[in-house]
Amino acid sequence: MSNAEIIGQDPGWVIALKGVLIFAVCVFLTIMSVWGERRLVARMQQRSGPNRVGKFGLLQALVDGVKLALKEDLIPKSADRIVFVIAPIISTTACFMAFAVIPLTGPVNFFGHETVMQMTDLSVGVLYVLAIASVGVYGIVLAGWSSGSTYPLLGGLRSSAQVISYEIAMGLSLVAVFIYAGSMSTSEIVAAQDQWWYAVILFPSFVIYAISMVGETNRAPFDLAEAEGELVGGFHTEYSSLKFALFFLSEYVNIIAVSALATTLFLGGYRALPGLGFTEQWLGGWFTLVWFFIKVLGFFFVFVWLRGTLPRLRYDQFMKFGWKVLIPFSLAWILVVSTLRVMSQKEAPPALIATFIFSIALIYVAVATLLDRRKVAKEKVARNINSLEPDFPVPAIPNTRVEQING
Amino acid sequence: MINFALDIGTTAAPESYLFYVLAPLSVLAAMGMLLVKKAVHSALLLAWVMVTLAIFYIAQEALFLGIVQIVVYTGAVMMLFLFILMLVGVDTSDSLVETIKGLRAISIVAAVGFGGLLVTLISRATFGRDVVGLSEVNEQGNALGIAELLFTRYVFAFEVISALLITAAVGAMVLAHSQKTRSQFAQRDLSIARFRKGELKDAAGLPSSGVYALHNAVDVPALLPTGNPAPTSISAVLEARGDMIESTNFQLKEEAEEDK
Amino acid sequence: MDNELTPRSDEFGLAKADQSKAPITNHESASFGKQLLGFWVTFKTMFKKVNTVQYPEVKEPTAPRFHGRHQLNRHPDGLEKCIGCELCAWACPADAIYVEGADNKEGERFSPGERYGKVYQINYLRCIFCGLCIEACPTRALTMTNEYELADSSRGKLIFEKDDLLGPLRAGMVPPPHPMYPNTDDSNYYKGEVTTSHPSQGIAKND
């Protein structure tokens, strides 16, 4: 029985209870992930992080939330009041909605009722997540615009341009998954990964998705929309109190949401690690939830790790990377994948497949070499220009040797 | 005998509730879109109309169409539209003067023509055709059914439309792009220019504002070592707004008396 | 390094320095593999001992010459060292010190010599702890302690009065006002010849 059929048999109270549970888990996970991120980043910087409120500072995020709620709620004079209030609501609602199609467990016994922890199983579930993400951008753009000041507007524009461009790369990276799974439904994609994870078979797609999900969530090193050094707070500069808390919440829910999607599409979702398949039956199937969260938290750790390690990109570099590297590369990869897929479906001889792979590798090496040569030549020219001394007095750069001395 | 799609079977109760709640909202939003003053508000209302339409599609089991409606129209098209509105800053002060002669007549003709086209298209699709039924159409799944039609029967129309859109996009880029005749001054060039001016007086930039120990606000000019205020230390923006404090207030007393 | 401050050309009329030993700066970006090493650095750091001091519970001593809260010192007999000269106030770049001097009355003096500081205020909302006031003080009346816990809840509380700043009376000191040590003048005080109080000055404080 497919997930869609199992969910179709759910009585009303199961659906309602599942909705509440998934929402609660999301909020809990978000609150804990705020704490987890602060602790982890602190350790990466040899600090200890929040450790005052509760054991190990576990209640820190909760207390921060209460503090935010008690703050004065300001609406700037020049703001567009209606849109200013709607924006954080759109942002938060949208990111929660993505969880509706993610299967958190395999078949489980839910208070005596056989079901799966998934709200609904759409046949175009992954597209639905993309659609919701594109609605979520409205929150950011509108927040930026309605604040009625410059920095939020710039931050809002930046972040929406960013999300739109990286959503293209993200969508393209998913195409290979659709081709291999033969479906766009999340549960069927998970089911199709019972042999090999798509992170292994479709490794390039996985890398592209992993990069673009960081760009999509406005996280370091792609957090240009809220670059403190340039734009104060970006789109939420003018927000305070609960409205700010909503944006804060939505950022972290978003991280968890894209991680959950990555887990579902590339890491086999709620399924156990290879060789540990027997654990899927433990606790009446509920143990799959543990596997799911282990994988999601693994992604979350990578998010934090990136933030702790990499400096922020410049905006033009970031856009160039998205449009000139990720998108062309994923287009080429889709061509390769679909050709291979059709070949194997039509049962082409292995020699032909090998030849195809070999010629693709050859083309890749040739193109890479040519590009590299051009880059080297360009760098040479650039270095020659840079070494020209200006003909006006400038202070010496300490501890450097200069090849050419004036006069 | 004319068969409407709705005559076949009955609408499920939840679906009809959904319709009676969302349809008036959608119509109201569409009317509001025409009536509200701010362009961004009307763009938002349009986005809402798109979302409600998508929900209707989904309710009628056209899943793929509904989702794509959101991705493409709400997500991409409306977002770009919003972008332009925000950047260009279309206000209530839109001029209603015709810039092209006879624009009003042309637009009325175009609107009527487009309406006629829509009516004929929809009636062609509705009247005189037997309704196949959802289960038969979605036999292989909604997405597959659409894909098959798009890439076999309507592949030519599909490709023509995509070519048209790409041409339009490239055309817009060509029109909007202006070749720069010389490279833009960057920070480095500005710095070189400052040093080249001959005098090194201004090479380090303008003095910063604020009077030490008395004030440290940006609307107060710096005092030079001579005791005179330096008006260049205040941002030109504040000056234009008239938000600056008169610099003579901060002149040393003896100097001021000498000036008199 | 021997070439640290040498100009790189003789445009200022200075001799050319030997720069052959200086490292050549490399402006090319590091290879991809090398850039990935950064991830290892942060990962490794996670398992190192943290440097954080759990401040309110654990207090680490400051450096011995840390610039903390000011203190107005006393002579060994309890008289104040401050003579109300206002040099500290004039030296202060942040305009944080306010001093009002007054004449000492014979027999009821606060400091040896002619004048004493009647009002002495330091505004710790302005003070930048640069220590120029300490350098300006001619009698070593004003010094800085290592105390740094100066946060408070109102602006008024952060303007420290003379009572807040004066050093404590130690054993053997007589609380002013009182006369000078018998048969001395102010120069004896400055030379450090007065080392204790005299019974004629008043009742000395015990431990």
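This is a predicted model: local features need pLDDT of at least 70, side-chain atom pairs count only at pLDDT 80 or more; totals for chains, interfaces and linings use all residues.
At what angle do helix 5 (residues 125–146) of chain A and helix 6 of chain A pack, and how far apart are their axes?

Okay, the answer. Helix 5 and helix 6 of chain A pack at about 170°, and their axes are 8 Å apart. Over 145 degrees counts as roughly antiparallel, so helix 5 of chain A is roughly antiparallel to helix 6 of chain A.

Who's doing the touching? On the helix 5 side of chain A, the contact includes A:Val126, A:Leu130, A:Ala133, A:Val137 and A:Trp145. On the helix 6 side of chain A, you'll find A:Pro152, A:Leu153, A:Val163, A:Met170 and A:Phe178 among the residues. Sort the contact between these two helices by class and you get 13 nonpolar, six polar and one charged residues.

An α-helix has 3.6 residues a turn, so residues three or four places apart point the same way.

Now stay with helix 6 of chain A, which covers residues 150–181. Its axis also comes within 8 Å of the axis of helix 9 of chain A, residues 203–216, and the two cross at roughly 155°. So here again, helix 6 of chain A is roughly antiparallel to its partner, helix 9 of chain A. The crossing of helix 6 and helix 9 of chain A is left-handed.

Which residues of helix 6 of chain A meet helix 9 of chain A? Among them are A:Gln162, A:Val163, A:Tyr166, A:Glu167, A:Met170 and A:Leu174. Coming from helix 9 of chain A, the partners include A:Ile208, A:Tyr209, A:Ile211, A:Met213 and A:Glu216. This contact between helix 6 and helix 9 of chain A splits into 10 nonpolar, five polar and two charged residues.

Let's zoom out. Chain A has 14 helices and two strands. Of its 407 residues, 49% are buried. If you take the contacts in chain A with a separation of 6 or more, 76% of them link residues 24 or more positions apart.

Next, over to chain B. Helix 5 of chain A packs against helix 2 of chain B at an angle of about 165°, with the axes 13 Å apart. That makes helix 5 of chain A roughly antiparallel to helix 2 of chain B. The crossing is left-handed. From chain A come A:Tyr138, A:Leu142 and A:Trp145, and from chain B come B:Val40, B:Leu44 and B:Ala47. What classes do these residues fall into? The contact has six nonpolar, no polar and no charged residues.

Helix 2 of chain B turns up again with helix 1 of chain B. Helix 1 of chain B, residues 13–35, has 23 residues and reaches 33 Å from its first C-alpha to its last, close to the 33 Å expected at 1.5 Å a residue. Its buried residues are B:Ser16, B:Leu22, B:Ala23, B:Ser26, B:Ala29 and B:Gly32, and what covers them includes helix 2 of chain B.

Chain C next. It has five helices and five strands, and from the N terminus on its elements run α-β-α-β-β-α-β-β-α-α. Buried residues make up 34% of its 207 residues.

Most residues other than glycine have a negative phi, and most peptide bonds are trans. In chain C, a cis peptide bond joins C:Pro176 and C:Pro177, with omega about 5°. C:Pro177 sits in the loop between helix 4 and helix 5 of chain C.

Over in chain A, A:Gln46 has a positive phi near 60°, and A:Gln46 lies in the loop between helix 2 and helix 3 of chain A. A:Ser241 has a positive phi as well, of about 55°, but A:Ser241 is in helix 11 of chain A. Buried or partly exposed? A:Gln46 is partly exposed, with a relative accessible area of 23%, while A:Ser241 counts as buried at 5%.

Conventions
Residues are numbered from 1 along each chain as its sequence is written. Chains are lettered from A and ligands numbered from 1 in the order in which they are written. Side-chain values use heavy atoms; hydrogens and water are left out. Axes are lines fitted to C-alpha atoms, for helices over the stretch in contact, and angles run from 0 to 180 degrees between N-to-C directions. Helices (H or I, at least four residues) and strands (E, at least two) are DSSP runs, numbered from the N terminus. Angles under 35 degrees count as roughly parallel, over 145 as roughly antiparallel, 65 to 115 as roughly perpendicular and the rest as oblique. A crossing is left-handed if the near helix is turned anticlockwise from the far one by less than a right angle, and right-handed if clockwise. Contact means heavy atoms within 4.5 Å. Ala, Val, Leu, Ile, Met, Phe, Trp, Tyr, Cys and Pro count as nonpolar, Asp, Glu, Lys and Arg as charged, and the others, Gly among them, as polar. The expected span of a helix is 1.5 Å times one less than its number of residues. Buried means under 20% relative accessible area, exposed over 50%, partly exposed in between (1.4 Å probe, protein chains only).
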